[in-house]
Amino acid sequence: MKKIEAIIKPFKLDEVREALSELGVSGLTVTEVKGFGRQKGHTELYRGAEYVVDFLPKIKVEIVVTAELLDAALEAIIKVARTGKIGDGKIFVTSVEQVIRIRTGETGAEAI
């Protein structure tokens, strides 16, 4: 099993969720986060004063999938989250040793 953490632009969340649902991903966790990469933030004007916005709002989507579904899930996220502009985000993939569904006690792929 693999855990995918995708940092995406907030307005892409619905498209990513729909693409993953079509693949059969049954659940995901979404967190509102702030951060920066190569963008290094940007400057904005507010009431005539210029100020720097260092941390930009992003969305972190976390899902756990079987190894067989990993490539399809990654391709789906990349396809719908890409705008071609700086700040599209990143995807991190890590191994998951064990999954346990608390309610039923199911383990492994059945617990996803």
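Trainee: Why does L23 count as partly exposed?
Mentor: This is a predicted model, and in it L23 has a relative accessibility of 32%. Buried requires under 20% and exposed over 50%. The value of 32% lies in between, so L23 counts as partly exposed.

Trainee: Where is L23, and what is it in contact with?
Mentor: L23 is in helix α1. Leaving aside neighbours within four places in sequence, L23 is in contact with L69, A72, A73 and A76. G87 is another matter: L23 and G87 are 64 residues apart in sequence and 26 Å apart in space, C-alpha to C-alpha.

Trainee: What makes the buried residues of α1 line one face of the helix?
Mentor: The buried residues of α1 are V16, A19 and L20. Seen down the axis of α1, they fall within an arc of 95°, so they line one face. Their cover includes β1, β5 and α2. After α1 comes G24, with a positive phi near 100°.

Trainee: How do you know that the span of α2 is close to the expected one?
Mentor: Helix α2, residues 67-81, has 15 residues. At 1.5 Å a residue the expected span is 21 Å, and α2 reaches 21 Å from its first C-alpha to its last.

Trainee: Which residues of α2 are buried, and why are they said to line one face?
Mentor: L70, A73, L74, A76, I77, V80 and A81 are buried in α2. Seen down the helix axis, the buried residues of α2 fall within an arc of 165°, so they line one face. The face turned away from that buried side carries the exposed residues E68, D71, E75 and K79.

Trainee: What covers the buried residues of α2?
Mentor: The cover includes β1 (2-8), α1 (13-23), β5 (56-65) and β6 (90-95).

Trainee: Why is K12 called buried?
Mentor: K12 has a relative accessibility of 10%. The cut-off for buried is under 20%, so K12 counts as buried. K12 lies in the loop between β1 and α1. Not counting residues up to four places away in sequence, K12 touches V80, A81, R82 and T83. Two of these contacts, V80 and A81, are among the buried residues of α2.

Trainee: And K58, buried or exposed?
Mentor: K58 is at 11% relative accessibility. That value is also set against the cut-off of under 20%, so K58 counts as buried. K58 is found in strand β5. The C-alpha atoms of K58 and G35, 23 residues apart along the chain, are separated by 7.0 Å.

Trainee: What is the volume of the largest pocket, and which residues are closest to its centre?
Mentor: The volume of the largest pocket is about 310 Å³. The lining has 15 residues, and the closest to the centre are F36, G37, G87, G89 and K90. The elements that give two or more residues to this lining are β2 (29-35) and β6. The largest share, 3 residues, comes from β2.

Trainee: How do the lining residues of the largest pocket divide by type?
Mentor: They divide into 5 nonpolar, 5 polar and 5 charged.

Terms used
Residues are numbered from 1 along each chain as its sequence is written. This is a predicted model: local features need pLDDT of at least 70, side-chain atom pairs count only at pLDDT 80 or more; totals for chains, interfaces and linings use all residues. Side-chain values use heavy atoms; hydrogens and water are left out. Helices (H or I, at least four residues) and strands (E, at least two) are DSSP runs, numbered from the N terminus. The expected span of a helix is 1.5 Å times one less than its number of residues. Buried means under 20% relative accessible area, exposed over 50%, partly exposed in between (1.4 Å probe, protein chains only). The arc is that of the directions from the helix axis to the C-beta atoms. Contact means heavy atoms within 4.5 Å. On a 1 Å grid over the protein atoms alone, a cavity is a set of points where a 1.4 Å probe fits but cannot get out, and a pocket is an open set with protein on both sides within 12 Å along at least five of seven lines; lining residues have an atom within 4 Å of a point. Grid points are joined across faces, edges and corners, and a volume is the space filled by probe spheres set on the points. Ala, Val, Leu, Ile, Met, Phe, Trp, Tyr, Cys and Pro count as nonpolar, Asp, Glu, Lys and Arg as charged, and the others, Gly among them, as polar.
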